[in-house]
Amino acid sequence: MKITMKLNKQTMKTKEIKKIADYYDDTETSGTEIYVKDYVEDEDVSSHGYMFWWNAEDQECGIEYQKTPGSDESDKPCNTADDFISYINQNT
């Protein structure tokens, strides 16, 4: 029973990550994490680009800035792909 539940959770996370990868053009995945890179296609922004990240397993998401120290993590958990997409939309 525990094995089935674990497989079902993993399948759900994989589907959520695929949903984001299908929604955005420039993504990269690693296990239960997905990155949306250089979301804004403006040359000036890309030169100081940033990427959004979501860890589906830990339900955390945030922004990492390139060429600028630091990052920002969401105060609210990102439980689903829709939560993550909303987070990106609120920050662009």
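Predicted model: local features only at pLDDT ≥ 70, side-chain atom pairs only at ≥ 80, totals over all residues.

Student: What do Cys61 and Cys78 form?
Tutor: They form a disulfide, with the sulfur atoms of Cys61 and Cys78 1.9 Å apart. The count for the protein is one disulfide.

Student: And where do Cys61 and Cys78 lie?
Tutor: Cys61 is in strand 4, while Cys78 is in the loop between strand 5 (71–73) and helix 3, so the bond ties together parts that are 17 residues apart in sequence.

Student: Let me back up. How many helices and strands are there in the protein?
Tutor: Three helices and five strands. Going along the sequence, the pattern reads α-β-β-α-β-β-β-α.

Student: How much of the protein is buried?
Tutor: Buried residues make up 28% of the 92 residues.

Student: Which residues are buried in helix 3?
Tutor: In helix 3 those are Ala81, Phe84, Ile85, Tyr87 and Ile88. Looking down the axis of helix 3, the buried residues fall within an arc of 155 degrees, so they line one face of the helix.

Student: Why would residues three or four places apart point the same way?
Tutor: Because an α-helix has 3.6 residues a turn.

Student: OK, new topic. How many salt bridges does the count come to?
Tutor: Four salt bridges. One of them pairs the side chains of Asp22 and Lys18, at 3.0 Å from N to O. Asp22 and Lys18 both belong to helix 1 (residues 2–23) and are four residues apart, about one turn of the helix.

Student: Is Asp22 buried or exposed?
Tutor: Asp22 is exposed, because its relative accessible area is 55%, and the cut-off for exposed is over 50%.

Student: Which side chain does Lys19 meet in a salt bridge?
Tutor: That of Asp82, at 2.8 Å from N to O. This pair links distant parts of the chain, with Lys19 in helix 1 and Asp82 in helix 3 (residues 81–90), 63 residues apart.

Student: How accessible are Lys19 and Asp82?
Tutor: Lys19 has 37% relative accessibility, so it counts as partly exposed. Asp82 is partly exposed too, at 42%.

Student: What does Glu28 form with Lys37?
Tutor: A salt bridge, in which the closest N and O atoms of Glu28 and Lys37 are 3.1 Å apart. Salt bridges that share partners join Asp26, Glu28 and Lys37 into one network. Glu28 is partly exposed, with a relative accessible area of 43%, and Lys37 counts as partly exposed at 24%.

Student: Switching to pockets. How much space lies in the largest pocket?
Tutor: About 170 Å³.

Student: Which residues line the largest pocket?
Tutor: The lining is Ser74, Asp75, Lys76, Pro77, Cys78, Asp82, Asp83, Ser86, Tyr87 and Gln90. A few of those have come up already. Cys78 is the disulfide partner of Cys61, Asp82 meets Lys19 in a salt bridge, and Tyr87 is one of the buried residues in helix 3.

Student: How does the lining of the largest pocket split by class?
Tutor: Three nonpolar, three polar and four charged residues.

Student: Where is Gln59 found?
Tutor: In the loop between strand 3 (50–55) and strand 4 (60–65). Gln59 has 33% relative accessibility, so it counts as partly exposed. Asp58 is found in that loop between strand 3 and strand 4 as well, and Asp58 is partly exposed at 47%.

Student: How far are the C-alpha atoms of Asp58 and Asn79 from each other?
Tutor: They are separated by 8.6 Å, and Asp58 and Asn79 are 21 residues apart along the chain.

Student: Last one: what about Glu64?
Tutor: Glu64 lies in strand 4 and counts as partly exposed, at 35% relative accessibility. Its C-alpha atom and that of Tyr35 are separated by 9.6 Å, with Glu64 and Tyr35 29 residues apart along the chain.

Technical notes: Residues numbered from 1 in each chain as written. Heavy atoms only, no water. 1 Å grid on protein atoms, 1.4 Å probe; cavity = no way out; pocket = protein on both sides within 12 Å on 5 of 7 lines; lining within 4 Å. Points joined across faces, edges and corners; volume = space filled by probe spheres on them. Nonpolar A, V, L, I, M, F, W, Y, C, P; charged D, E, K, R; others polar. Helix = DSSP H or I, 4+ residues; strand = E, 2+ residues; numbered from the N terminus. Buried < 20%, exposed > 50% of the residue type's maximum accessible area, 1.4 Å probe, protein only. Arc of directions from axis to C-beta. Disulfide = S-S within 2.5 Å.
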